[in-house]
Amino acid sequence: MALNQLFDLTGQTAIVTGGGSGLGRVMALALAEAGANVVICSRRKEICEEVVKEIETLGGQALALALDVTDPESVVQGVEKVVSQFGKIEILVNNCGTVFEAPAAEMPLEQWQSMLNTNVTGTFLMCQAVGKHMINSEYGKIINISSSIGFKGTDPEAVDSVGYTTSKGAVMTLTKDLAVKWGRHGVNVNSIAPGVFTTGMNNPEIPGTLVNKAGDFIAAQVPVRRLGRDSDLAGAVLYFASTASDYCTGQILVIDGGLGAK
Ligand SMILES: NC(=O)c1ccc[n+]([C@@H]2O[C@H](COP(=O)([O-])OP(=O)(O)OC[C@H]3O[C@@H](n4cnc5c(N)ncnc54)[C@H](OP(=O)(O)O)[C@@H]3O)[C@@H](O)[C@H]2O)c1
């Protein structure tokens, strides 16, 4: 295959959960630029519609969908709608996520459950609903967004959310297990583990976010001496979404400027 076709997604269908904001928006735009028809879904359809407009302005095709990943009915209905509209789904980016900070000893059970429901069960429900179609068509690329803080313990002064770190570790294991189970069906399952990016849940303008509290301090610890930018994720998502990664599955690609290497 010619090198310039390796990353070409023309005519393929991609779903990006949580694509109406932050990192999801960035990845949705990258997939659209590579030629995919992108379905952008989350609970707030209106923010997804804004990204659809952006993609259409750039000449791409996209669809906004209201979908709650924690609700099995909403997931199945949403996925069926995509299949009936586009016929197939080649790419799924499980990006949506939620975080709530509180000391571990006081973490409210409902917040723990909310993080596990959205970040782990939601990812699993989407993999299950879309995976069935991918297995039938013997082709699929699933990309689960975990986090660099899902590998190990985190100082409470940095991110005080035992539910979040636990959920992101689980997303990595889910990724590996599905990769092993579905590799024989032509479905690749990989994960991107972002470090600290200056967007979404780390928006520096929102009081209390990690970057708002300690952005300069963290940037000084990062070997490349800066926080993550939008463009830092585009190449990774295109690699995992395209035939370029056909022989790569069950992997966690850490994009953290080298922080985890220390
Ligand atoms: N920003 C970072 O530095 C960073 C670092 C490491 C990992 N991450 C991960 O990257 C992903 C995106 O985060 P972000 O920073 O871009 O934050 P964000 O802007 O807050 O994005 C989260 C998205 O998830 C959607 N969402 C939440 N609950 C949902 C549900 N039940 N069903 C469907 N959609 C739901 C939200 O949309 P609605 O509210 O409309 O549902 C929102 O669009 C997350 O998995 C996060 O853990 C981010």
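Select E90 and K88: their side chains are joined by a polar contact of 2.6 Å. A polar contact here is a pair of N or O atoms within 3.5 Å; within protein, one must be able to donate a hydrogen and the other to accept it, and residues adjacent in sequence count only if both atoms are side-chain atoms. This is a predicted model, where local features need pLDDT of at least 70, side-chain atom pairs count only at pLDDT 80 or more, and totals for chains, interfaces and linings use all residues. Residues are numbered from 1 along each chain as its sequence is written, and side-chain values use heavy atoms, with hydrogens and water left out.

Stay on E90. E90 sits in the loop between α3 (72–86) and β4. Helices (H or I, at least four residues) and strands (E, at least two) are DSSP runs, numbered from the N terminus. Is E90 buried or exposed? E90 is buried, because its relative accessible area is 9%, and buried means under 20%, exposed over 50% and partly exposed in between (1.4 Å probe, protein chains only).

**The ligand**

Now select the ligand and its shell. The shell has 29 residues, and the closest are S42, R43, N95, Y164 and N202. Start with R43: a polar side-chain atom lies 2.7 Å from an oxygen atom of the ligand. Move to N95, where a backbone N or O atom lies 2.7 Å from an oxygen atom of the ligand. Then pick T199: a backbone N or O atom of this residue lies 3.2 Å from a nitrogen atom of the ligand. Taken alone, the ligand exposes 880 Å², and the protein buries 93% of that. Those areas come from the Shrake-Rupley method with a 1.4 Å probe; for residues, only the protein chains shown count as cover.

Colour α1 (22–33) and α5 (162–182): each supplies at least two residues of the shell around the ligand.

**The aromatic pair**

The structure holds 1 aromatic pair. Select Y239 and F240: the pair is tilted, with 5.4 Å centre to centre and 45 degrees between the planes. Rings of Phe, Tyr and Trp (its six-membered ring) pair if their centres lie within 6.5 Å; planes under 30 degrees apart count as stacked, over 60 as edge-to-face and the rest as tilted. F240 is buried, at 2% relative accessible area, whereas Y239 counts as partly exposed at 28%.

**Two loop residues**

Most residues other than glycine have a negative phi. Go to E138, in the loop between α4 (109–137) and β5. Phi of E138 is positive, near 55 degrees. E138 is exposed, with a relative accessible area of 60%.

Finish at R225, in the loop between α6 and α7. R225 has a positive phi of about 60 degrees, though not a glycine. R225 counts as exposed, at 55% relative accessibility.

Notes:
A residue is near a molecule or strand if one of its heavy atoms lies within 4 Å of it.
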